[in-house]
Amino acid sequence: MLIGLDIGGTKVEGVIVSSYDGQVLHRLRVDTPKTNYVDFLLVVKNLITALMGKEQVRSIGVGCCGSINRVTGKIQGANLLYLNDEDFLTDLRSSYSIPVAFTNDANCLAISEFKSGAAKDASNSCLAVILGTGCGSGIVINGDIVDGQHGLGGEIGHNPLPSFDPDIDGPSFQCYCGSYNCNETFVSGTGFERTWAIKHPPQSAKEIFASYAMGDKNAIAHVEYYADCLARILGTIVNVIDPEVIVLGGGVSNQDGIYPLVQERLASYTFSKSVSTPVRKALHGDSSGVLGAAYLPVIKGMI
């Protein structure tokens with residue numbers, strides 16, 4: 001049995017998963033503390049203790065916002081601000097005698113979809129992209145997740161939009177990270193709304209996609225533009241790692257209309273114009289985080 005934790009800004013979810021068939025046997029949820037790191041660590045440990053009381057488990061996998069810098073061992077880039085610059089992984093490992101592994105939420109998406117989801121037919125590689133409030137990705141190569149020296153593996157949301165053209169993409173825009181025209185500011189859910197508002201009255205992504213489904217010409221043009229931006233981004237990644245499968249997760253990924261649009265444009269942005277890499281919707285949905293976390297120690301060879 002494997003423990004998986006999915007830690008977000010509002011809740012900490014823990015599951016026990018069977019390593020044989022991926023079945024979730026137990027699931028617990030608690031609120032994420034809003035106070036400080038000490039309170040947070042106590043809540044996480046209490047949740048793990050409650051899960052360990054239900055089954056004999058072999059490992060603990062943790063999916064969380066942010067990443068670990070291999071140089072310092074500390075958390076970085078977490079939107080739970082009290083986590084940044086804390087040695088969270090060491091604090092957990094010192095409390096348990098079984099293997100404990102950590103990665104971010106996008107990596108968990110990639111792991112879960114590679115192991116038993118939309119990319120389960122891939123032999124050794126996939127790219128999983130989260131299109132939600134932000135944009136991030138997880139990369140599986142040779143069956144293992146790519147973290148990188150500084151924990152930045154898969155941070156495609158903060159690469160600049162390929163072939164940026166102000167006549168097409170609007171005025172240059174500064175991302176919260178300090179860089180300009182980051183992919184996240186175009187293909188996240190908030191980016192989709194931002195670029196719409198350049199030419200139209202502000203609307204939510206849900207409202208824009210509803211208009212698209214009803215045949216509104218402005219919404220159709222915007223969804224097609226969005227798909228072109230996403231195809232540009234994915235094309236540059238194909239040119240670097242050439243994954244067997246691309247999986248999309250997050251809120252925007254639930255819009256079925258984007259898939260044929262992205263698929264038909266993808267090859268025009270790759271070196272070979274005959275690229276046929278499938279672009280698929282994530283299978284596990286909201287469960288991707290805990291499932292990927294549970295599988296993490298397995299793919300890391302820790303058990």
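Strands β1 (residues 2–7) and β2 (residues 11–17) run antiparallel and are joined by 6 bridges, where a strand is a DSSP run of E of at least two residues, a helix one of H or I of at least four, both numbered from the N terminus, and two strands pair if DSSP finds at least two bridges between them. The model is predicted, so local features need pLDDT of at least 70 and side-chain atom pairs count only at pLDDT 80 or more, while totals for chains, interfaces and linings use all residues. Residues are numbered from 1 along each chain as its sequence is written, and side-chain values use heavy atoms, with hydrogens and water left out.

Leucine 5 stands opposite glycine 14 in β2. β1 and β2 belong to an open sheet of 5 strands with mixed pairing, in the order β3-β2-β1-β4-β7. Because β3 (24–31) and β7 (100–104) stand at the edges with a single partner strand each, one side of each is left without a neighbour in the sheet.

The largest nonpolar core has 35 residues, and Leu131, Val187 and Leu248 have the most contacts inside it; such a core is a set of buried Ala, Val, Leu, Ile, Met, Phe, Trp, Tyr and Cys residues joined through side-chain atoms within 4.5 Å, buried meaning under 20% relative accessible area (1.4 Å probe, protein chains only). The largest share of this core, 12 residues, comes from α8. Apart from its neighbours within four places in sequence, leucine 131 is in contact (heavy atoms within 4.5 Å) with residues including Val187, Tyr226, Leu230 and Leu248. A second, separate core of 30 residues includes Ile3, Val12, Val44 and Leu80.

Note on methods: Buried means under 20% relative accessible area, exposed over 50%, partly exposed in between (1.4 Å probe, protein chains only).
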